[in-house]
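Here are my notes on this one, in numbered points. Have the model open while you read, and tell me where you see it otherwise.

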2 protein chains.
Amino acid sequence: MAVVGDGESRALTPTSYVVLGLVHMLQPCTSYDMKQLVNVSIGHFWPFPHSQLYAEPTRLVDDDLLVEEQEDAGRRRRLYRLTQAGEDAFRDWARMPAQDIGELRDEGLLKLFFSDPADRESIATLAAAQVKVHEERIETLSAVRDDVAEDASPAQMATLELGLRWDRTAADFWAEVADNPPG
Amino acid sequence: MAVVGDGESRALTPTSYVVLGLVHMLQPCTSYDMKQLVNVSIGHFWPFPHSQLYAEPTRLVDDDLLVEEQEDAGRRRRLYRLTQAGEDAFRDWARMPAQDIGELRDEGLLKLFFSDPADRESIATLAAAQVKVHEERIETLSAVRDDVAEDASPAQMATLELGLRWDRTAADFWAEVADNPPG
DNA sequence: GTACGCATGTAAACGGTTACATGATTTG
DNA sequence: CAAATCATGTAACCGTTTACATGCGTAC
């Protein structure tokens, strides 16, 4: 009996599912096609460098979740598609509620946590900078929203909406901190 | 002339500054002391395994930002303190506004983004689970807040406050999605 | 036809996660 | 004094990041 895949199966990471999801939407597609989509969508809340979009599909081919087909002329680009197992893995993941809890990982929060209570001025400066960052991102995301309104699904628009609400919440919070620095 | 540190200096990561900040608060302290504090504070919004609290101080000693002193009896635990360079590096970081933008990295958001518009029931199920997760975390964080209210600085309490607001924002968002799934 | 930018990809190094391991302390 | 739990640490693997490299099209 033929064994498919090399050796033990690995646990898939969120990146794996991002790639499966992207291929699901775009197949057949190249790594660069994925990159293009990432740039205007999930890249805004789940950033990663494009090299992952080359490395991860290779692993998924090993796992028999993707198939790769290489052009025989020109640039010999690699085109990816889902296998049946890939479709299944993606659908199962999409259906199952998320188990991990989304963390903030905001460096500004770290700085606030470690701030010197006696140095309220530094805190105010930090807070003002954070307000700026979040308001700028509200601008960016609003523009993206308008840009993609035609093409994106309602669920995709909703992800943008949560992003905007988060930045609004954060901007308000930091504005309060700037106004009245704790210390 | 004596050369301090081995080879080229590396770029410090957020983890580096977490450790510098922890040592700043607790020095002299062991990795385990840091772990204790992490568990009831930044661990809630910037989680990482305790092994990092052993690995990173070793690197920081190489960088001459920490000094290590080993007990000569008993468990021979390692105690860390900041060097002058460590104090400086930490203070400089703390003063400078954060440059990276805190990202969401919420797996639930990914699932929403990739959800099948035709399958509104899955979306509603996902959303209901997300509501539960965030409301539970509101409970947890509220309890932590009450627990540490005596000991924590106002700035530290403020970080908890932002965490709570984020979970509130997210819980509300997902409740709306559950109520009226896009698709 | 040259220059610039977009498209496409690779490789090495490093941090982070996971898993394991075992010595102390407390509790019953 | 046995068992459980806390305290303390190590090692290996693997994903991610960073940096480099270079073909192809297009505009001037």
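1. Let me start between the two protein chains. Arg95(B) forms a salt bridge with Asp119(A), with 3.4 Å between the closest N and O atoms. By salt bridge I mean a side-chain nitrogen of Lys or Arg within 4 Å of a carboxyl oxygen of Asp or Glu. Between chain A and chain B the count is 4 salt bridges, and 17 residue pairs are in polar contact, both at pLDDT 80 or more. A polar contact is a pair of N or O atoms within 3.5 Å; within protein, one must be able to donate a hydrogen and the other to accept it, and residues adjacent in sequence count only if both atoms are side-chain atoms.

2. Before going on, the ground rules. This is a predicted model, where local features need pLDDT of at least 70 and side-chain atom pairs count only at pLDDT 80 or more, while totals for chains, interfaces and linings use all residues; side-chain values use heavy atoms, with hydrogens and water left out. Residues are numbered from 1 along each chain as its sequence is written, and chains are lettered from A and ligands numbered from 1 in the order in which they are written.

3. Now the extent of that interface. 63 residues of chain A are in contact (heavy atoms within 4.5 Å) with 63 residues of chain B. The area buried between chain A and chain B is about 6,300 Å², and carbon and sulfur atoms give 69% of it. Buried area here is the accessible area (1.4 Å probe) that two parts lose on being put together, summed over both. On the chain A side, Arg105(A), Phe113(A) and Phe114(A) lose the most area to chain B, together 13% of what that side buries.

4. Which helix of chain A gives the most residues to the side that touches chain B? Two or more residues come from each of helix 1 (14-26), helix 4 (84-95), helix 5 (107-113), helix 6 (120-148) and helix 7 (154-179) of chain A. Helix 7 gives the most, with 16 residues. Helices are DSSP runs (H or I, at least four residues), numbered from the N terminus. By class, this side of chain A divides into 35 nonpolar, 15 polar and 13 charged residues. Ala, Val, Leu, Ile, Met, Phe, Trp, Tyr, Cys and Pro count as nonpolar, Asp, Glu, Lys and Arg as charged, and the others, Gly among them, as polar.

5. Ser115(B) deserves a look. This serine sits in the loop between helix 5 (107-113) and helix 6 (120-148) of chain B. Buried or exposed? Ser115(B) counts as buried, because its relative accessibility is 12%; buried means under 20%, exposed over 50%, and partly exposed in between (1.4 Å probe, protein chains only). A polar atom of the Ser115(B) side chain is 2.8 Å from the backbone oxygen of Leu112(B). Neighbours within four places in sequence aside, Ser115(B) is in contact with Ala155(A) and Ile123(B).

6. On to DNA strand D. It has 19 residues around it, of which Pro49(A), Ser51(A), Gln52(A), Tyr32(B) and Arg77(B) come nearest; near means that a heavy atom of the residue lies within 4 Å. The side chain of Arg78(B) has an N or O atom 3.2 Å from a sugar or linking oxygen of DNA strand D. Helix 2 of chain B gives the most to this surface, with 3 residues, and by class the surface has 4 nonpolar, 7 polar and 8 charged residues.

7. Last, salt bridges within the chains; over all chains the structure holds 28. Glu136(A) and Lys132(A) pair at 3.6 Å, N to O, and both lie in helix 6 of chain A, 4 residues apart, about one turn of the helix. Glu136(A) is partly exposed at 42%, whereas Lys132(A) counts as exposed at 54%. In chain B, Arg168(B) and Glu135(B) meet at 2.9 Å, N to O. Arg168(B) is in helix 7 (residues 154-179) and Glu135(B) in helix 6 of chain B, so this pair ties together parts 33 residues apart in sequence.
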